[in-house]
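This report describes a predicted model.

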Amino acid sequence: MKTTLYIEYQEKQLNEKDILAKAKKVWTDEGRKVSELAALQIYVKPEENMAYCVYNEDSKGEFSLD
């Protein structure tokens, strides 16, 4: 089954693919490899224009939804 998740808030539209790509970029910008990523939890807060991540159940990161 193919699925696509969209988040719409105040005239913005984000999709799951773009949010996941930004989360992975935060991870790799820290000098880590995507292959080292075993678990990823993303919490999207459109009212703050931010997403917060938990990588491998212990490392945290965040990024703007812009």
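## Asn49 and its loop

Asn49 lies in the loop that runs between strand S3 (40–45) and strand S4 (50–55). With a relative accessible area of 17%, Asn49 counts as buried, because the cut-off for that class is under 20%.

The side chain of Asn49 is joined to that of Asp66 by a polar contact of 2.9 Å. When the neighbours within four places in sequence are left aside, Asn49 is in contact with Lys12, with Asp66 itself, and with Phe63, Ser64 and Leu65. Of these residues, Phe63 and Ser64 also belong to S5, where Phe63 is on the covered face and Ser64 on the uncovered one.

## The three-stranded sheet

Three strands make up an open sheet in the order S3-S4-S5, and their pairing is antiparallel. S3 and strand S5 (59–64) are the edge strands, each of them pairing on one side only. From one strand to the next, the twist averages 20°.

S3 and S4 run antiparallel and are joined by six bridges; in this part of the sheet, Tyr43 stands opposite Tyr52 in S4. S4 and S5 likewise run antiparallel, with six bridges between them, and here Cys53 stands opposite Gly61 in S5. S4 and S5 form a hairpin in which three residues lie between the two strands, and Asn56, in the turn, has a positive phi of about 50°.

## The helix on the sheet and the two faces of S5

Which strands does helix H1 touch where it packs on the sheet? Helix H1, residues 16–29, touches S3, S4 and S5, and the direction of the helix makes about 125° with that of S5.

In a regular strand, the side chains alternate between the two faces of the sheet. For S5, the covered face consists of Ser59, Gly61 and Phe63, whereas the uncovered face consists of Lys60, Glu62 and Ser64. Gly61, on the covered face, is the residue of S5 that Cys53 stands opposite.

## Aromatic rings

A pair of aromatic rings is described by two quantities, namely the distance of the centres and the angle of the planes. In this model, the count of aromatic pairs comes to one, where the ring centres must lie within 6.5 Å for a pair to be counted.

A charged group is also placed over a ring: the charged end of Arg32 sits over the ring of Trp27, at 4.4 Å from the centre of that ring.

Conventions: Residues are numbered from 1 along each chain as its sequence is written. This is a predicted model: local features need pLDDT of at least 70, side-chain atom pairs count only at pLDDT 80 or more; totals for chains, interfaces and linings use all residues. Side-chain values use heavy atoms; hydrogens and water are left out. Helices (H or I, at least four residues) and strands (E, at least two) are DSSP runs, numbered from the N terminus. Buried means under 20% relative accessible area, exposed over 50%, partly exposed in between (1.4 Å probe, protein chains only). A polar contact is a pair of N or O atoms within 3.5 Å; within protein, one must be able to donate a hydrogen and the other to accept it, and residues adjacent in sequence count only if both atoms are side-chain atoms. Contact means heavy atoms within 4.5 Å. Two strands pair if DSSP finds at least two bridges between them. Axes are lines fitted to C-alpha atoms, for helices over the stretch in contact, and angles run from 0 to 180 degrees between N-to-C directions. Rings of Phe, Tyr and Trp (its six-membered ring) pair if their centres lie within 6.5 Å; planes under 30 degrees apart count as stacked, over 60 as edge-to-face and the rest as tilted. A charge sits over a ring if NZ of Lys or CZ of Arg is within 6 Å of the ring centre and within 35 degrees of the ring normal.
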